[in-house]
Amino acid sequence: MSASPDEPARTGAPAAAPEGAGSAESGSTELDQAISRVEHELGRLFARIRVSWREAATTVHPDLQPLGYQVLTSIASGKATSAGAIIERLQTDKSAVSRQVRQLEELGLVESVRDPDDRRARVLVATELAQERVALARSRYEARLGERLRRWSADDLDHFTELLAAFGD
């Protein structure tokens, strides 16, 4: 993320305080304003992510909702193959997951099959059609993301990754 001509380069070191801005109150106000800008940008980012989920869902099937896409990708990736695991992974309620799974089954994207490890239990699996459509949606998303990120240097991407990791901790 190279600095624009109107903005100083970010080196990771704290910026020098402007002359006459030595009071704690001034620093607190600057920090509060910086935090507010981060909150604003996070809001914009989350909104863009929701749009991406909607676009991906539509790529898979015109009637699929973003939550249905998230449920489907959880199943297709093998990261969640039961309703309970999906609920845990997506941190959503049972009724919402039940509705989405039912719709995915109706659309021919998910099947419920006997668990090979426990013949009494059932697991959810993505159909071949679902795998193809999820792959298409992912490739479109990855192309858009790659297009944006290729504008940055490798150093900027590494720094961004470090900041994201620290923020997520």
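Select Ser74 to begin: this residue lies in helix α2. Helices here are DSSP runs of H or I with at least four residues, strands are E runs of at least two, and both are numbered from the N terminus. The model is predicted, so local features need pLDDT of at least 70 and side-chain atom pairs count only at pLDDT 80 or more, while totals for chains, interfaces and linings use all residues. Residues are numbered from 1 along each chain as its sequence is written, and side-chain values use heavy atoms, with hydrogens and water left out.

**Stop 1**

With Ser74 still selected, consider its accessibility. Ser74 has a relative accessible area of 2% and is therefore buried; the term buried means under 20% relative accessible area, exposed means over 50%, and partly exposed covers the range in between (1.4 Å probe, protein chains only). Next, display the surroundings of Ser74. Leaving out residues up to four places away in sequence, Ser74 touches Lys79, Ala80, Arg89 and Leu90, where contact means heavy atoms within 4.5 Å.

The buried residues of α2 are Gly68, Tyr69, Gln70, Val71, Leu72, Ser74, Ile75 and Ala76. Just after α2, select Gly78, which takes a positive phi of about 80°.

**Stop 1: α2 against α3**

The crossing of α2 and α3 is right-handed; a crossing is right-handed if the near helix is turned clockwise from the far one by less than a right angle, and left-handed if anticlockwise.

Which residues meet where α2 and α3 are in contact? From α2 come Leu67, Gln70, Val71, Ser74 and Ile75, and from α3 come Ile86, Arg89 and Leu90. By class, these residues divide into five nonpolar, two polar and one charged. Ala, Val, Leu, Ile, Met, Phe, Trp, Tyr, Cys and Pro count as nonpolar, Asp, Glu, Lys and Arg as charged, and the others, Gly among them, as polar.

**Stop 2: α3 against α4**

The crossing of α3 and α4 is right-handed.

At this contact, Ala83, Ile86 and Ile87 in α3 meet Lys94, Val97 and Val101 in α4. The contact of α3 with α4 has five nonpolar residues, no polar residues and one charged residue.

Now select Gln91, which is placed in the loop between α3 and α4. Gln91 has a positive phi, near 55°, although it is a residue other than glycine. Is Gln91 buried or exposed? Its relative accessibility is 62%, so Gln91 counts as exposed.

**Stop 3: Ser52 and Arg144**

Move to Ser52, in helix α1 (residues 24-60). At 8% relative accessibility, Ser52 counts as buried. Apart from residues up to four places away in sequence, Ser52 touches Tyr141 and Arg144.

Select Arg144 next, in helix α5 (residues 128-149). Arg144 has a relative accessible area of 30% and is partly exposed. Neighbours within four places in sequence aside, Arg144 is in contact with Arg48, Ser52 and Glu55. Arg144 and Ser52 are 92 residues apart in sequence, and their C-alpha atoms are 9.8 Å apart in space.

**Stop 4: an aromatic pair**

Select Trp152 and Phe160, which form an edge-to-face aromatic pair with 5.2 Å centre to centre and 90° between the planes. Rings of Phe, Tyr and Trp (its six-membered ring) pair if their centres lie within 6.5 Å; planes under 30 degrees apart count as stacked, over 60 as edge-to-face and the rest as tilted. By this rule the count is one aromatic pair. Trp152 is partly exposed at 27% relative accessibility, and Phe160 is partly exposed at 28%.

**Last view: the protein chain**

Finally, display the protein chain, which has six helices and two strands. Along the sequence the pattern is α-α-α-α-β-β-α-α. Of the 169 residues in the protein chain, 21% are buried.
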